[in-house]
Amino acid sequence: MTLRRLLPVLLLPLYIGACSGKNAQATAGKAEYINSLKDLSHKELQQRLKSEIAFMNALRDSARGVTLYLSFSISGSSGNGESGVKIDTAARFQLPAATAIVPEFASLKSGIIAEQRYALPQSGFEFSPDRRMEVIESDEISYRIDKVYTGGRELQPQQLKLQRADSLFLQASYRYPTAYDTLVIRKSDKDSVRYGNFSIGISAITGNEATLELPVAFNQQLIGYQASNAQGVLMKPTSYSSMPITGVASGVIAEIDAFREALKQALEQTSKEAALAEIGKIPEHAFTSRNRVQELLKSVQEIDKQEEADLPFKQLVQVIRQFKERYKDLLGPREQNLELKFQGDIDRIYLFVATRYDSFSQGLMAVNAYQQKGNNIFEDKTTGKYGIIDAASNIIIPARYNRLDKHDELYFTERVDTNEITWYLNSKEKKLEQIADGKKVSKQLDKDLVVFSDKAAYEGVLRNNKEEVVPFKYDNITLAGDVLVAEGSKRGRSFYEFYTTAGKKIDAGPVKKAITERGCNNIILVTPGNKYGIMNGKGQVSTQPRYERIEFITDYITTLAVYFETQGNGNTVYGIIDAEGKAITPANLDYIGDLKEDMIVFRSTGSPEKRYGYLNSKGQVQVPPRFDRAGDFIQGQALVSLNNRLCLVDKKGNTVFTFPGDVANAEVSVLDPKTDPHGAGYEINGKLYTPKGELIKK
Amino acid sequence: MQKIFLLFFVSLAFSSCSQQPQYGKNPLLLDQFNFKLDVGSFYKDESIFRGKSDFSVSASEISYAYKDHQTTFIQYATRSMSQDRILAKYGAMNFESLGMVTDSADEKVLLVSAGTDYATAAQVEELLKKLQKAYGQATLSTTSSVHLEQVRIRFQAEGKVIKLTLDDIGTQIVDSEEQAPDPLPFGAKYEAKVVDAIRKKKDGIHVMLFVVTPMFDEVLQEARSFTGDLTRY
């Protein structure tokens, strides 16, 4: 891979030899141009016009030769794309039915989420449905903002500026294809195929890969692609990449063409006056475009020289970015580069091209779902620079920075080319201060503590006043309660150390593993000798590491944990401790389930042996072990078997319903409310019951 | 002044002689390996464990029964290999993979395993001769082999066991019908068979050389499951 391929923008060789001719091309504007021709005789004018037409031809060809491959592309993949494996046949391409699209589009009314992008002179918004769309491509819905509401006031969109919008009234539109053509490209086709007025370029069809160059308008109509192998088996692409190719915009090229045609018309005139009159019809803007294209071509020549001179990569990227910025009025999409890969060798490619569309439009309200908490970044779109506003939308830091990202209230990252600079917002002095040593923000732990990583990828924690709370020598740092859990490694093996949020190191002895759970303040500690203990959220080792193993009770991890003990016979038994290490139940249980509806099913090892009962949410025995089998509580009742009968019991263990038949021959299953159309319940001997024991009629 | 220069050169010469092997920096020489390796110095560069280097090493705990107690050991393994990066040597044989087992305190080296996938028949023959010369009579393991075309030749010396494993040599050295005792003396007959087999190999021969303490050899003899390089012991 050459440097050229790595560049975000690639310049193709171009031809601008004709630009160096000594003609009127150096003239700035229309008036000046016509003035320069007035003193010429008709014959001299004709000579000049011939030269001008040749120049305009060269200018046009050179402008068309400028090609920029932008790095932003859409791509996707499915499967591994290896040839020689069994080919999955693709279903024949079909359009989604309007009957499916219409109700889904109507459902947008129930929820559109707006995300505000603070900007000057006008904030922008991104809209998305609050639910997954099954048929509609949600990113193809277009939105027009009609009204904005903020603080109970109605504003026109352009009046909003940096204020936070509460809600917006929108017109949402969706266009979908109702008919399509199939364009077949054969492996044997060379260079290009035509579809109507479009010429579809074929860069390569080799083995299972194809690269096509599509006109922009054609690409907009493209709604799908498939291929078939020599046996006619249809294949979906296993991967695709669609990359826009930018060049001098077709509108600019058309303007130069029109300029050239006007010069030709002038040349055909029989008098000087008539010729000048034809030239006078050329719009003023065409002169501007012509001059700008000349400037652009000179810049391209300079970049080409710099590239040949092996300019450092970063500098070259910067030069090209500046080029794009400088000529953004001339540049526009020209073609789409489509790369497709299939599972097997390609014989034919099928491009599905929409020929007819239908569309819907409806007015709806969108809610700005994101509360403006604290500081935010904003962009000044007139300069492309970023600044910071406070919660009341007052500008704290004017827009003077390159792209800024917010990581936390006071830490921001600025991207400059491929570099990142981390800034700290000094709120008092209203200025950004650079964080030294190339430290980057990793994550925010709470409103006051932020994890950074240094150049060697070691993590540490800084407070919101830049004070170091945890030194930079760890691989991962998390927060549990008021304890900073720092995972480090020595010779490839993890160790854990702990700090208070005030930055004081907690002595917990050697710990090789620390288990934390989201929403839980307690930390399970594992020593190098494989003993388990608990550190509470205040940093106290509340349960000294002495247990064989400890696990959090699922769904109730905040206060209770299960501990394990192996008996002399090798069997493992379980007990329950609280976070302080106090044994709630001794290790005499054979099984402990998850907490469901504040009850935990358990099985005893003691007397009576192997019987089930229930613990409450404090880990205390609520229903003593007496059941032969027992399930989780559902809607206040649990299915148990007792004395060869299936029963429902309440949370005190009282039988509230007895199912017909005995247990011996019963076939029982618990219905999964997420997947079963009947919801929660039981299926017993082919009959469905609610959790309360009511028979469900099928 | 002359004295100062002399001292300088002497100290320079001394320091170059006592150069400590370091993973990835200096190959570990196995010819006279005696387990007196400072593990901390050898794996001094933390970047090799953190994916910040061309080298990549993993370390994990393994557990085996030893004298009726379940004992933890530390196993190091090379995860990124290249012929350009020689990690260990025995004579002229270069190894691009290097593993190690240490005690639970991660202080004492109990096993070193050096591997290559690119050995030639001539190199293997030379290695075999060197081992025979250094450690004398060897035995051939005939049981517990995962692959029938794997050869495991064991040398016993004072304070260490050396095991040479050759994988996929294309021939079964000990016939499965043969009622061979285990271990079997690695005599001329089997040596000739091995040499004949490796000479027929067209691609690189997979070689693994273990240098093991008698204590850890005992542990591995009793072990029921293996991981990484130890699967070839």
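Mentor: Gladly! The largest cavity has a volume of about 50 Å³. This is a predicted model, where local features need pLDDT of at least 70, side-chain atom pairs count only at pLDDT 80 or more, and totals for chains, interfaces and linings use all residues. Residues are numbered from 1 along each chain as its sequence is written, chains are lettered from A and ligands numbered from 1 in the order in which they are written, and side-chain values use heavy atoms, with hydrogens and water left out.

Trainee: What makes a space a cavity and not a pocket?

Mentor: On a 1 Å grid over the protein atoms alone, a cavity is a set of points where a 1.4 Å probe fits but cannot get out, while a pocket is an open set with protein on both sides within 12 Å along at least five of seven lines. Grid points are joined across faces, edges and corners, and a volume is the space filled by probe spheres set on the points. The structure holds two cavities of 30 Å³ or more.

Trainee: Which residues line the largest cavity?

Mentor: Lining residues have an atom within 4 Å of a point. Here they are Tyr90(B), Gly91(B), Ala92(B), Met93(B), Gln123(B), Glu126(B), Leu127(B) and Lys130(B). Helix H3 (residues 121-135) of chain B supplies the largest share, four residues; helices (H or I, at least four residues) and strands (E, at least two) are DSSP runs, numbered from the N terminus.

Trainee: And how large is the largest pocket?

Mentor: About 1,300 Å³ of space lies in the largest pocket. Of its 34 lining residues, the closest to the centre are Glu137(A), Glu140(A), Leu222(A), Ile223(A) and Gly224(A). E12(A) gives the most to that lining, with five residues.

Trainee: Why is Tyr195(A) called buried?

Mentor: Buried means under 20% relative accessible area, exposed over 50%, and partly exposed in between (1.4 Å probe, protein chains only). Tyr195(A) has 17%, so Tyr195(A) is buried. Phe218(A) has 0%, so Phe218(A) is buried too.

Trainee: Is Phe657(A) buried or partly exposed?

Mentor: Phe657(A) has a relative accessibility of 28%, so Phe657(A) counts as partly exposed. Phe659(A), at 1%, counts as buried.

Trainee: Which residues touch the most other members of the largest nonpolar core?

Mentor: A nonpolar core is a set of buried Ala, Val, Leu, Ile, Met, Phe, Trp, Tyr and Cys residues joined through side-chain atoms within 4.5 Å. Among the 54 residues of the largest one, Tyr43(B) and Val207(B) touch the most other members. H3(B) gives the most to this core, with six residues. Tyr43(B) also belongs to one aromatic cluster with Tyr23(B), Phe42(B), Phe49(B), Phe55(B) and Tyr76(B).

Note on methods
Phe/Tyr/Trp six-rings, centres within 6.5 Å; stacked < 30°, edge-to-face > 60°.
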